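This note is written for a colleague meeting the model for the first time. Please read the points below beside the sequence and the coordinates.

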Amino acid sequence: MRSDFVTVLDLGNQSATCLVAEATDRGWRVVGHHTVPSKGMRRGLVADQDEAARTVAAAMRGLTAKTGLQPEGVVVGVGGAHVEGHAAQGFVPIIPPGRPVQREDVLQVVNHSRQILVPPDREQIQALPREFRIDGQRGIQQPIGKRGSQLEVLTLILTGQTAQLQSLERAVSANGRRVEQMVVKGLASGLGVLSQEARERGAVVVDLGAGSTEVAVFGDGVLVYAASVPLGSELVTSDVSKLVQTAPDEAERLKVQHGSAWAAAVDKADVVDVLQVGQTQLRPMRRRVLCEIIESRMREIAGFVRQHVERSGYGAQGGLPIVLTGRGALLDGLTELFQDVFEGARASVAAPNAVGLGGTRAERMGFAAACGLAAFAIESLENELVPASGGNGWRDRIRTFWSLWGGRS
Ligand SMILES: Nc1ncnc2c1ncn2[C@@H]1O[C@H](COP(=O)(O)OP(=O)(O)OP(=O)(O)O)[C@@H](O)[C@H]1O
Ligand SMILES: [Mg+2]
């Protein structure tokens, strides 16, 4: 059943956002959102259960105060290096042969692809169609209405470590809320910032957070690979803090106000004033040195992103455009750095543009994942895969979607 509102939670390392979206005739819109400082997360993982639960509670309270809504079910973003993708395949006969494929056949065939073996410490988060085939005809994106006798699907099954998923679930349920669905954050960020056309052309979406960097590779309109680099922008701050010998707050200020990930473009004569630990007066420092520290860590992160893109099979060289988002992507010089590391690929910075989101472009950069969670939730509400077993948790109601790719079914 299609309910009007969906509530999503992006529990980040530095901030946590709750957002309510509403399905409309023309898609969906943001009804309200609330962001609080986050505690209890490290490198995209739940590190302290109680702190994480308190963070969720604060974000939910703020959302209720703003919207008057008391959501019971929440769609939760899951990130971190434990998330993995596996290729799978499913088949179903179309009976009687030759009748048009229906929605139910699509759900059934995607569900069939979920019968792959997953290591005992992991479980499935999502099953996403990459390509449908009917009687051997390949490359079908939207099979509904086409005729044949056998429907086949190639899917990307995303799995996560059970212990991590449980911790995330407990942080939500400790507040009396139910997890409706888990959605991989890299996928969400991609849905948050890429248009349908951009997904079809293909892109690597890089969400630079405080604690982790989520990577999603889109090709031919669909997600083909998702991964997480357990390093983020807060590591840059801590490098600056150590190497320049400043307090963390001062290091953060230096990074945000004067930092760049492309040191070569910084004038050698530029000087910034720095308050070092144990000092009472500002002292001048060459800005180029500051930016070299920042570039060095960011180059490492970009290198790991490149390794993932290579692993995805969508090659790094001269390949897909790189789209940077997350508030970490507000750092100056990042597009130059990524273009350098990816040897000529185009890099750009993108913010979500959802109806009703509001805010400046810089503010919206932090909402890529939350907006994509809402897009996924709204588009997939009616696409529940048949329960593999009894029970009624999110695990038995894994949702899939394909309508975003090929128009609504
Ligand atoms: N103007 C800016 N310039 C450079 N960096 C910035 C700027 N504003 C914020 N950041 C950095 O962005 C990071 C926070 O990004 P974001 O809010 O997207 O993270 P998060 O979602 O809480 O974390 P994660 O996604 O890792 O769980 C911080 O490390 C912060 O220093
Ligand atoms: Mg984030």
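1. Basis. The model is predicted: local features need pLDDT of at least 70, side-chain atom pairs count only at pLDDT 80 or more, and totals for chains, interfaces and linings use all residues. Residues are numbered from 1 along each chain as its sequence is written, while chains are lettered from A and ligands numbered from 1 in the order in which they are written.

2. Five strands form an open sheet in the order 3-2-1-6-11, and their pairing is mixed. Strands and helices here are DSSP runs, numbered from the N terminus (E, at least two residues, for strands; H or I, at least four, for helices). Two strands count as paired if DSSP finds at least two bridges between them. Strand 3 (27–37) and strand 11 (178–184) are the edge strands; each has a single partner strand, so one side of each is left without a neighbour in the sheet. From one strand to the next the twist averages 25°. Angles run from 0 to 180 degrees between N-to-C directions, and axes are lines fitted to C-alpha atoms, for helices over the stretch in contact.

3. Pairing within that sheet. Strand 2 and strand 3 are antiparallel and share 10 bridges. The two are joined by a hairpin through two residues, and Glu22 stands opposite Arg29 in strand 3. Strand 1 (residues 5–11) and strand 6 (residues 73–78), by contrast, run parallel and are joined by two bridges. Val8 is placed opposite Val75 in strand 6.

4. Helices on that sheet. Helix 1 (residues 49–67) lies across strand 1, strand 2 (15–24) and strand 3, at about 130° to strand 3. Helix 4 (residues 185–193) lies across strand 6 and strand 11 and runs at about 75° to strand 11. Contact between two residues requires that their C-beta atoms, placed from the backbone, lie within 7 Å.

5. Strand 8 (residues 122–134) and strand 10 (residues 150–161) run antiparallel and are joined by 11 bridges; Ala127 stands opposite Ile157 in strand 10.

6. Helix 1 and helix 3. How do these two helices pack? Helix 1 and helix 3 (residues 162–173) meet at an angle of about 45°, with their axes 8 Å apart. The contact is made by Gln49, Ala52, Ala53 and Val56 of helix 1 together with Ser167, Arg170, Ala171 and Val172 of helix 3. By class, this contact has five nonpolar, two polar and one charged residues. Ala, Val, Leu, Ile, Met, Phe, Trp, Tyr, Cys and Pro count as nonpolar, Asp, Glu, Lys and Arg as charged, and the others, Gly among them, as polar.

7. Helix 6 and helix 8. The axes of helix 6 and helix 8 (residues 287–311) come within 9 Å and cross at roughly 140°. Helix 6 contributes Leu235, Val236, Asp239, Val240, Leu243 and Val244 to the contact, and helix 8 contributes Leu290, Ile293, Ile294, Arg297 and Met298. The classes are nine nonpolar, no polar and two charged residues.

8. Ligand 1. Ligand 1 is surrounded by 23 residues, of which the closest are Gly12, Gln14, Gly209, Ser233 and Arg327; a residue is near a molecule if its C-beta atom, placed from the backbone, lies within 6 Å of it. Helix 6 (233–244) and helix 7 (248–258) are the elements that give two or more residues to this shell. The shell has four nonpolar, 15 polar and four charged residues.

9. Backbone features. Most residues other than glycine have a negative phi, and most peptide bonds are trans. Ile95 and Pro96 are joined by a cis peptide bond, with omega about -10°; Pro96 lies in the loop between strand 7 and helix 2. Arg43, although not a glycine, has a positive phi of about 50°, and is found in the loop between strand 4 (41–42) and strand 5 (45–46).
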